[in-house]
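Here are a few notes to read alongside the model. Take them in any order you like.

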Amino acid sequence: MTPLLAVAALSVPALALASTTVTLTPVADSYVAPGAPDSNFGNHGTFIVNREFAESYLRFDLSSLPEDAVITSVSLSALAYDGYAHGGDGNVYTSFVADDSWQEMGITWNNRPTPAATTVGAWFLWYNSTPEDKLGVNSNAALVPLVQGELAGDKLVSFRLHSPGYTTRYRSREYANAAQRPALTVTYTVNEPVTVVLEPEADAYVTGGYNGENGRNYGGLETLLIDPRWDRKFFLRFNLASLPVGAHIQAVKLSATSFWGRSPGGDGNVYVHRLPDNSWGEYSITYDNQPWPPYGDPLGSWWIWYSGASANYDQVGVTAHPNFIPVVQAASDATDRRVSFRLSAPNYATSYYSRESPVASKRPKLEVTYLP
């Protein structure tokens, strides 16, 4: 018996991550004041944070970020130009606001949305009544999951700024100098697709016919045969364990190299069917015990034509039909992480190199492209 070959992924490129930083300015900002509970200040070039006398709201649009962005850092900043240190806690706290429906030209103290009870970072700016530009920056890590969640949702994120003790006045989005407007700086990565090329962990053909061939095993040979005259067909099984758990399959390509063929006429396609049973053994499978039946319609097919009644030269059969994607995805997500196929043809005969071939480039391949 031929010993079991060690099978590994032929190529697993390192995960490529493209890191990008974008700076967003608010699509809306305003302050509200309990001393003027029904007044709106959305068109001012300033917003104010002043103890119990004023708090400010900002909203940012995240739609310019790619949907598959993985956010790694977030900084909220605003440029103060004046302030006063009354005493006590002078931090300017950031609170997440889940309700993004507030209107810049309509928000007031009386209709302001309710912020989250827990703050997500702060900055501290000290003033002694002397006007001076100072940049407040909040880069608290708690901002990251909030922005990530809003990117997956309505792609809008709102914050409230407030302080228990100090007064600070900031440039708003209406300020003439764009460089001095508030900003949300977001750094993210995008997972690039990764392609892995797999060889079978098992392959074999079976044949009907006479002289007991239907009970013989051919799993140790360097060939895989298809011939409708004797109902010859072959089986492939691939191990998907080299794909990361949770991988999102984007494309699948199955290929095999043929070295001989006979084209008597009729439908010459080689059809690929999924097999739900992965338990067949490479050195025990026969025509009589082959997994049966294959599941559903063909996943894909290829057509290889040989001139004359029969000929010898290499040709590669390839199919990359989208039907493969959900099948390989389900197999990758399953417990045993294996997928099996049966290949057969109704009329043409073709012979292929098996995984036992000494020439690695001629062995069957399953090429899987995925996002981690």
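1. A term to start with: buried means under 20% relative accessible area, exposed over 50%, and partly exposed in between (1.4 Å probe, protein chains only). This is a predicted model, where local features need pLDDT of at least 70, side-chain atom pairs count only at pLDDT 80 or more, and totals for chains, interfaces and linings use all residues. Residues are numbered from 1 along each chain as its sequence is written, and side-chain values use heavy atoms, with hydrogens and water left out.

2. Have a look at Arg51, whose phi is near 40 degrees, a positive value in a residue other than glycine. Arg51 counts as partly exposed because its relative accessibility is 25%.

3. Arg337 isn't a glycine either, yet its phi is positive at about 55 degrees. Is Arg337 buried or exposed? With 11% relative accessibility, Arg337 counts as buried. Most residues other than glycine have a negative phi, and most peptide bonds are trans.

4. On that last topic, check the bond from Trp292 to Pro293: this peptide bond is cis, with omega near -5 degrees.

5. Now the nonpolar cores, meaning sets of buried Ala, Val, Leu, Ile, Met, Phe, Trp, Tyr and Cys residues joined through side-chain atoms within 4.5 Å. The largest has 37 residues, and Leu254, Phe341, Leu343, Tyr352 and Leu366 touch the most other members. A second, separate core has 36 residues, including Val74, Phe96, Val120 and Tyr188.

6. Phe341 is worth a click. Leaving aside residues up to four places away in sequence, Phe341 has contacts (heavy atoms within 4.5 Å) with residues including Phe234, Val272, Leu299, Phe324 and Leu366.
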